[in-house]
Amino acid sequence: MMSSDSDEGLPAFDLGGCSSKTKTTAQRSGRELLSRSIDEMSEKELRVEIKRREAVDKRRLAEMKKLEKQRENVEKKLQKEIEKAKKQATSASRKDDQPAERLKHMVAILDTAIAENSTLMSSLAAKLSEVEVEYRIGKDVLHPGTISWLRKTAERTVDEQAQILTKVCEEEQAELLVNIEAQGLAGLVHYTKMAQCGQTLPDGAKTFKQYVEELIKSFPNKKVTLVVQGVEAFLRGNKTHQNRQYRQAVTGREAATKNSSQRMFSDVTRLDCEEVLVDMQLVLGPVVRMCEGPEELAEYVVTMTKAISESYFKQSNPFSFHTETGQGPSKQALSDADSKVSLIFKHQLMQLNNVSEHMAAAVVSVYPSPAHLLNAYESCSDTKSAQLLLHDIEVRRGVGVVSSTRRLGPTHSKRIHLLMTATDQTLTLS
């Protein structure tokens, strides 16, 4: 028999066979007894439950602390590994910047025309392999016979897992080498002489200046260097051919060989080559190098490769002159450098007409270097005062009783000012 709603939560007693009054009394007595026992049991159980929960909380807190400590240890270990990886990456980058390692990051790009020349290609491959320089075969349609360079740079980063990630980039260099055979140069010189004489050039023929101008136009961002092979041997052959023709003309004999009278560009002389090359270099600027054979050309390519590998670091680490010096050899070395700068500056001033050694020495005694003089010019209020800055410098001549003094004067002051501040490279100093 179930209890009423007011007795919910208490166990029901079966009082079947009893009167309603008896049932009501029995139920009331059971509830009171059970309430007292629950109160007593709840108090004990509460203490046990509290202790149990406290123990559980302690265990849980200990486990959380343990896990937190483990996590911190893992993070510290990972952070140490990341720092170690960063140091390794920095060390590897510094190693790449060492002079002994710089050449290994250069790549020489050889044109197919050079690769097809077995003698030249074998010499280049041997020389480049000796210095551990990588080379590749490329195709240049505009101008065959070219050699260019790439410089590999490694960018190293460290990820969240302490792994070093390396990204290799290839940067194209500004230098370009163009290989010209001696007969090709002779043809360009020959057509240049024809143009100078007002003669009409054959179809497709170019003067040496036109050839270089097209080369510069095709590679506007390159510093062009022309390498000519076998000029001396070709000129000796021309001389021999001319002597043979002279002997044949004197003796009246015919040519001993079939090809002796068919040599191309036999009229080109050493003087013709020098005049054309000097004129081109003065007007257009490219450097010309003479090589007598594949071995010499290969050595020159290696030399250029070394220079290109060093130029990047010289540009990124410019020399800075320190005026604060301590005692010892370094101070003496810098003192010697100061005197050499003054000496060079004095000789530079003496290049001007009518500027004697006494005048130059007087200027240098006040302004020991070009930088000092330029700073003084910048501090002047206007151009006129800058031009007359050196006007009153005293120039001493002679020693003892025969010595004399005079002022530098406005003329020399203006000329020196023009020398130091002129920006027009075509300007002629009197």
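Does Cys273 count as buried or exposed, and at what relative accessibility? At 6% relative accessibility Cys273 counts as buried, a class defined as under 20% relative accessible area, with exposed meaning over 50% and partly exposed in between (1.4 Å probe, protein chains only). The model is predicted, so that local features need pLDDT of at least 70 and side-chain atom pairs count only at pLDDT 80 or more, whereas totals for chains, interfaces and linings use all residues. Residues are numbered from 1 along each chain as its sequence is written, and side-chain values use heavy atoms, with hydrogens and water left out.

**Cysteines**
- Cys169, at 24% relative accessibility, counts as partly exposed.
- The count of disulfides, taken as pairs of cysteine sulfur atoms within 2.5 Å, comes to 0.

**Sheet**
- An open sheet of mixed pairing is formed by 6 strands in the order S2-S1-S3-S4-S5-S6, where strands (E, at least two residues) and helices (H or I, at least four) are DSSP runs numbered from the N terminus and pairing requires at least two DSSP bridges.
- Strand S2 (134-138) and strand S6 (287-291) are the edge strands, each pairing on one side only.
- Strands S3 (residues 146-158) and S4 (residues 164-181) pair in the antiparallel sense over 12 bridges.

**Helix H12 with helix H14**
- The axes of H12 (residues 370-378) and H14 (residues 410-421), lines fitted to C-alpha atoms over the stretch in contact with angles from 0 to 180 degrees between N-to-C directions, come within 11 Å and cross at roughly 105 degrees.
- H12 is therefore roughly perpendicular to H14, the term for angles of 65 to 115 degrees.

Key: Parallel < 35°, antiparallel > 145°, perpendicular 65-115°, else oblique.
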